[in-house]
Amino acid sequence: QRVAFENLTPLFPDEKFTAKREFLPINDTVASNRFDCVVAALTNLAREKAQTAIKSGLCSLDYVDEVRCDREITPPCTVSVRGHGKYNVLSIGGETKRGRLRISAEKYI
């Protein structure tokens, strides 16, 4: 049985339609650019709990599961932590007086 498509009209979204994402800015400091330090800063977890989450496979870096805590990340990148959210890491750098690195990120909301 054949279906005739001649009588169908295409549907177009309204001109007002925008797929706008909203983000929550995050500014913090980390000891280094290791994956566990960054996950701990983004999720507001202790570093040990961040390491446990990474080793148990709950975290991904640029949409690929990552189980190494000592992996150094280079921004821009996307970090997802199951149960906590998805984050865009924008920059890591700029040392503070105490020798820590400033991190700038945004959380998808």
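Entry 1, terms. I count a residue as buried under 20% relative accessible area, exposed over 50%, and partly exposed in between (1.4 Å probe, protein chains only). The model is predicted, so I take local features only at pLDDT of at least 70 and side-chain atom pairs only at pLDDT 80 or more, while totals for chains, interfaces and linings use all residues. Residues are numbered from 1 along each chain as its sequence is written, and side-chain values use heavy atoms, with hydrogens and water left out.

I searched the whole structure for salt bridges (a side-chain nitrogen of Lys or Arg within 4 Å of a carboxyl oxygen of Asp or Glu). The search finds four. R68 and D70 form one of them, at 3.4 Å from N to O. R68 is partly exposed at 45%, and D70 is partly exposed at 43%. Salt bridges with shared partners join R34, D36 and R47 into one network. Within it, the side chains of R34 and D36 meet at 3.0 Å, N to O. R34 is partly exposed, at 25%, whereas D36 is buried, at 0%. I also noted E66 with R71, at 2.7 Å from N to O. Here E66 counts as buried at 10% and R71 as partly exposed at 32%.

Helices (H or I, at least four residues) and strands (E, at least two) are DSSP runs, numbered from the N terminus. I asked how many of the nine residues of α1 are buried. Nine of the nine are, so α1 (residues 35–43) is largely enclosed by the rest of the structure.

I used axes that are lines fitted to C-alpha atoms, for helices over the stretch in contact, with angles from 0 to 180 degrees between N-to-C directions. The axes of α1 and α2 come within 8 Å and cross at roughly 110°. That makes α1 roughly perpendicular to α2, a label that covers 65 to 115 degrees (under 35 is roughly parallel, over 145 roughly antiparallel, the rest oblique). On the α1 side, F35, D36, C37, V39 and A40 take part, and they meet R47, A50, Q51 and I54 of α2.

A nonpolar core is a set of buried Ala, Val, Leu, Ile, Met, Phe, Trp, Tyr and Cys residues joined through side-chain atoms within 4.5 Å. The largest one has 23 residues, of which F35, V39, L42, C59, V79 and V89 touch the most other members. Two or more residues each come from β1, α1, α2, β2, β4, β5 and β6. The largest share, seven residues, comes from α1. I listed the contacts of V89, leaving out residues up to four places away in sequence: V38, L42, P75, P76, C77, V79, I103, S104 and A105.

Most residues other than glycine have a negative phi, and most peptide bonds are trans. I found a cis bond joining P75 and P76, with omega about 0°. P76 lies in the loop between β3 (64–65) and β4. N44 is not a glycine, yet has a positive phi of about 65°. N44 sits in the loop between α1 and α2 and is exposed, at 73%. Y63 also has a positive phi, near 65°. Y63 is in the loop between β2 and β3 and counts as exposed, at 56%.

Conventions. Contact = heavy atoms within 4.5 Å.
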